[in-house]
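Q: I'd like to learn how to read a few features of a model, starting with where a residue sits. Could you walk me through them?

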Amino acid sequence: MRMPRGGRLFLATCLGSLLVLVLYFQSITKPEPGVKNGSRPGKSRRSPLQALYNGEQQLELLAAQRSLQGRRELLEQACLSHTRKRRVLAPEDLKHLIVDDKHSLIYCYVPKVACTNWKRVLMVLTSDGRYTDPLAIPANEAHIVGNLRTLSEFSVPEINQRLRSYLKFIFVREPFERLVSAYRNKFTRHYNTAFHKRYGTKIIRRHRLNPEPEALQRGHNVSFHEFVQYLVDPRTQREEPLNEHWERVHSLCHPCLIHYDVVGKYETLEQDAQAVLKLAGVEGTLKFPTSGKSTRTDGDMSARFFKQISPLYQKKLFNMYRMDFLLFNYSTPEYLRTQ
């Protein structure tokens, strides 16, 4: 059988069996009982994937298991209902999937969904003792390219093996809360001058009538309304990919092409993170950092921001993020005015 050009990956979910197809080799994501998927020479411990799918034998995990299983099933059903086309993924599409070979984990990071703390945790898990406390790792260090390996760095056979045998997890968030959080962080904080220059100046130039010279030069005072105008402007995505902080989750992590074993939610972050660490067998030695933020973006704050947005633009924005609402079982916000 002929390999696709450029070593590209063909991943798809098949009706009823959730098969992952990579380079046309079939492999069932869920391990069979007794099969030590993810094990490598010298490793005899039970893998996180086995712990998840054999979780009925672990009473302390049962409640978490039911919740996680329900989310997986809802995601699968949504994918079958709302996606029709199979597509080809290149290794370039796998840059958001972080790999921990030591604990057989793959994590797709989503900005503004506790990804800094998850990267810190994974740096501890993969560091062989160099790091022991996630919160001792500076936030900027957690985001340095090269500190963690991504799935895109591996060969096609290595990618195939890891997708088949590692526990794959993702954390998601209510789409508009995530979007407002991204706006607040990148456009209302004085220290984010790189974002002001890179995106703020363009947004002001295109979407503000009679801008002041200082605003055109610095891009430091973008309003939320201008930000929304920029997002729904057809030119935006024609010119370049969306920045990862406001890109849709389904475009970053491809949840209808890659079968995620755990779908964690920001709204239940602490318990879902604890479940992942328990599956990885490290819950006794490592605790997921809790956020100390007192002004965390929630539904009420998002509603205040959306009051500035006309029904027309609210509708355009909802259509843009519609798949994230559908795939991850988030309801249409009550404050939304799309008529």
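A: Helices (H or I, at least four residues) and strands (E, at least two) are DSSP runs, numbered from the N terminus. Here, Arg164 belongs to helix H5 (residues 156-165). This is a predicted model, where local features need pLDDT of at least 70 and side-chain atom pairs count only at pLDDT 80 or more, while totals for chains, interfaces and linings use all residues. Residues are numbered from 1 along each chain as its sequence is written, and side-chain values use heavy atoms, with hydrogens and water left out.

Q: Is Arg164 buried, exposed or partly exposed?
A: Buried means under 20% relative accessible area, exposed over 50%, and partly exposed in between (1.4 Å probe, protein chains only). Arg164 has 27% relative accessibility, so it counts as partly exposed.

Q: Which strands are joined to S7?
A: Two strands pair if DSSP finds at least two bridges between them. Strand S6 (residues 105-108) runs parallel to S7, with four bridges joining them; Leu105 stands opposite Leu167 in S7. Four bridges also join S7 to strand S8 (residues 262-265), again running parallel, and there Phe171 stands opposite Gly264.

Q: What describes a pair of aromatic rings?
A: The distance of the centres and the angle of the planes describe it. Rings of Phe, Tyr and Trp (its six-membered ring) pair if their centres lie within 6.5 Å; planes under 30 degrees apart count as stacked, over 60 as edge-to-face and the rest as tilted. By this rule there are 25 aromatic pairs. One of them is edge-to-face because the ring centres of Tyr183 and Phe305 are 5.9 Å apart and the planes are at 70 degrees. This pair links distant parts of the chain, 122 residues apart: Tyr183 is in helix H6 (residues 175-187) and Phe305 in helix H13 (residues 299-306). Tyr183 is buried at 5% relative accessible area, and Phe305 is buried at 17%.

Q: Where does Lys119 lie?
A: A charge sits over a ring if NZ of Lys or CZ of Arg is within 6 Å of the ring centre and within 35 degrees of the ring normal. Lys119 lies over the face of Tyr109, at 3.8 Å from the ring centre. Arg149 lies over the face of Phe154, at 4.1 Å from the ring centre.
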